Amino acid sequence: FQALAHGNTLAARQSLVARPPALGLTLQQVKSLRLPSDRGITGRAFYTCEPVVLQDVADADASDISWLRRLEVRNLIAYPLVLERGDEQERGVDCVTVGVLQVINKRDGEEFSKEDLRLLAVMARQVTAVISDAQIYLKLSEEKEQLQATLQSLLSAVVMVESSGYISLINPAARAMFHLGEDDGVGRHYEEVIPYEPIVEVIRAAVEDGEEGHSEIELPPLQ
């Protein structure tokens, strides 16, 4: 289950939404599962950051009875997926619950054991790491898109060159300066694209030698 906010302020307005893969459930069953995050077995695991073990569905909260019966649940473990993040001053660790891992109906009608909890703890850490990596990737992708949109809109010429020497971004002002077409420049080596040797030398020093440079260059008209 993944936390999904559908309100503006209160945590109680969050829902916990089931996400595949879900072994033993159909895709339709997964899509139909949306549980409140402020009550019930799953919500308790989410907000207390502690696993909740239900050995007998007869002991379940009233708010859980409907979906437990629908999925023919006998017993279950709700294990929180807790992401630990150090603060900027490294004075402590901030714990954020990003979801809840559920295991239902232990085989042969047995009760869940301490060993089951130990194995789930290992699995939960692995799942949380995957979710964290995905969130970081999405955040970086969004930030990159925002940066590129900003650079593209600048009136000043901007050329981004990778350490390999190939151009990864060139904005409209730079295209106009170098008389390039709309699709020309990106993916090509800077020495092939930039027609002014003084600019090429500044970029070469930065790319090949790691030297930061500031130069005023008067550009002659292109021949």
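Start by selecting tyrosine 47, which is partly exposed at a relative accessible area of 39% (buried is under 20%, exposed over 50%, partly exposed in between; 1.4 Å probe, protein chains only). The model is predicted, with local features needing pLDDT of at least 70 and side-chain atom pairs pLDDT 80 or more, while totals for chains, interfaces and linings use all residues. Residues are numbered from 1 along each chain as its sequence is written, and side-chain values use heavy atoms, without hydrogens and water.

A search of the whole structure finds two aromatic pairs (ring centres of Phe, Tyr or the six-membered ring of Trp within 6.5 Å; planes under 30 degrees apart are stacked, over 60 edge-to-face, the rest tilted). Phenylalanine 46 and tyrosine 47 form an edge-to-face pair, 5.1 Å centre to centre with 85 degrees between the planes.

Next, select phenylalanine 178 and tyrosine 196, a tilted pair at 6.0 Å and 50 degrees. Phenylalanine 178 sits in helix H5 (172–178), and tyrosine 196 lies 18 residues away in the loop between helices H6 (190–193) and H7 (197–209). Helices (H or I, at least four residues) and strands (E, at least two) are DSSP runs numbered from the N terminus. Phenylalanine 178 is buried at 6%, and tyrosine 196 is buried at 9%.

Finish at Pro21, Ala22, Leu101, Gln102 and Val103, which lie nearest the centre of the largest pocket among its 30 lining residues. A pocket here is an open set of points on a 1 Å grid over the protein atoms alone, with protein on both sides within 12 Å along at least five of seven lines; lining residues have an atom within 4 Å of a point. Strand S5 (76–86), strand S6 (93–104) and helix H4 (114–153) each supply at least two lining residues.

How values were computed
1 Å grid on protein atoms, 1.4 Å probe; cavity = no way out; pocket = protein on both sides within 12 Å on 5 of 7 lines; lining within 4 Å.
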